[in-house]
Amino acid sequence: MGWLRLNILPSPAKSAAPTPKAVDSADNDTEIYGATSPLDYPRQPEDVATESLPIIRAEVVASTQRKGDLVWIVVDEIVYDCTEFLHEHPGGNTVIESFRGQDCTWQFWRFHNQKHLREFGQPLRVGRTSGVCNRFPEPVKFVGLRRPGLADEW
Ligand code: HEM
């Protein structure tokens with residue numbers, strides 16, 4: 001599990017994000033016009049539907065890889081602001097910091113289930129994105145070689 005070899009980074013400073021307006025554009029995508037910085041994207045209320053989350057360009061997400069104010073990660077193309085949560089994360093802060101500005105979908109699902117994401121991730125959502133890379137290829141999953149339906153023969 002090479003991706004679990006972590007670098008310990010200093011904790012980011014907290015910062016207050018402005019609250020720009022999300023606007024429904026003609027093609028029904030929600031964008032924040034003129035937003036170029038991660039600081040332009042506040043956390044979204046929990047009742048905002050996934051498809052109504054603002055779209056955040058991959059370059060903006062990737063810019064949080066640099067040590068700075070915000071720690072964002074991407075799971076299933078949803079961007080989570082873990083800046084404050086990482087200090088409360090039961091799995092520790094370094095594992096989240098090691099994926100800042102990156103996709104960590106398959107690694108996330110190794111340790112969590114939908115309930116974790118609903119309860120703890122929902123309030124951390126800042127937007128949707130696409131094209132953000134996971135720097136580790138997902139290892140091949142081994143499946144049983146037996147034909148199904150033979151369990152009773154064991
Ligand atoms: C949205 C971001 C995240 C949220 C809301 C979150 C939430 C949680 C929660 C609720 C637990 C406790 C699970 C339990 O007690 O059963 C946990 C544990 C853990 N998380 Fe996360 N997590 C996040 C991101 C990550 C990431 C990116 C990684 C690295 C892949 C990670 C790795 C772990 C590990 C290793 C544990 C400990 C698992 C164990 O003790 O069995 N988490 N996380």
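Me: Why is Glu77 called partly exposed?
Reply: A residue is buried if 20 or more other C-beta atoms lie within 10 Å of its own, exposed if 12 or fewer do, and partly exposed in between, with C-beta atoms placed from the backbone. Glu77 has 16 such atoms within 10 Å, so it is partly exposed. This is a predicted model, in which local features need pLDDT of at least 70 and side-chain atom pairs count only at pLDDT 80 or more, while totals for chains, interfaces and linings use all residues. Residues are numbered from 1 along each chain as its sequence is written.

Me: What makes Asp76 exposed?
Reply: Asp76 has 12 C-beta neighbours inside 10 Å. The limit for exposed is 12 or fewer, so Asp76 counts as exposed.

Me: Where are Asp76 and Glu77, and what is the phi of each?
Reply: Asp76 is in the loop between S3 and strand S4 (78–81), and Glu77 is found in that loop too. The phi of Asp76 is positive, about 50°, although Asp76 is not a glycine. For Glu77, also not a glycine, phi is positive at about 65°. Strands here are DSSP runs of E with at least two residues, helices are runs of H or I with at least four, and both are numbered from the N terminus.

Me: How do you know that S3 and S4 pair?
Reply: Two strands pair if DSSP finds at least two bridges between them. S3 and S4 have four bridges, in the antiparallel sense, so they meet that condition. Val75 stands opposite Ile78 in S4. The two strands form a hairpin with two residues between them.

Me: What makes S3 and S5 a pair?
Reply: Strand S3 (residues 72–75) and S5 share two bridges in the parallel sense. The requirement is at least two, so this pair also counts. The bridge partner of Ile73 in S5 is Gln102.

Me: Why are S5 and S6 called edge strands?
Reply: The open sheet has four strands in the order S5-S3-S4-S6, with mixed pairing. Strand S5 (102–103) and strand S6 (125–128) each pair on one side only. In general, strands of a sheet pair through backbone hydrogen bonds, either parallel or antiparallel.

Me: What makes a set of residues a nonpolar core, and which residues of the largest one touch the most other members?
Reply: Such a core is a set of buried Ala, Val, Leu, Ile, Met, Phe, Trp, Tyr and Cys residues joined through C-beta atoms within 7 Å. The largest has 22 residues, and Val61, Trp72, Ile73, Val74, Val79, Tyr80 and Cys82 touch the most other members. Helix H1 (58–62), S3 and S4 each give two or more residues to this core.

Me: Which residues are in contact with Tyr80, leaving aside neighbours within four places in sequence?
Reply: Contact means that two C-beta atoms, placed from the backbone, lie within 7 Å. By that rule Tyr80 is in contact with Trp72, Ile73, Val75, Gly121, Leu124 and Arg125.

Me: How many residues of the shell around the ligand are nonpolar, polar or charged?
Reply: The shell has twelve nonpolar residues, six polar and no charged. Nonpolar covers Ala, Val, Leu, Ile, Met, Phe, Trp, Tyr, Cys and Pro; charged covers Asp, Glu, Lys and Arg; the others, Gly among them, are polar. Helix H2 (93–97), helix H3 (105–111) and helix H4 (114–121) each supply at least two residues of the shell.
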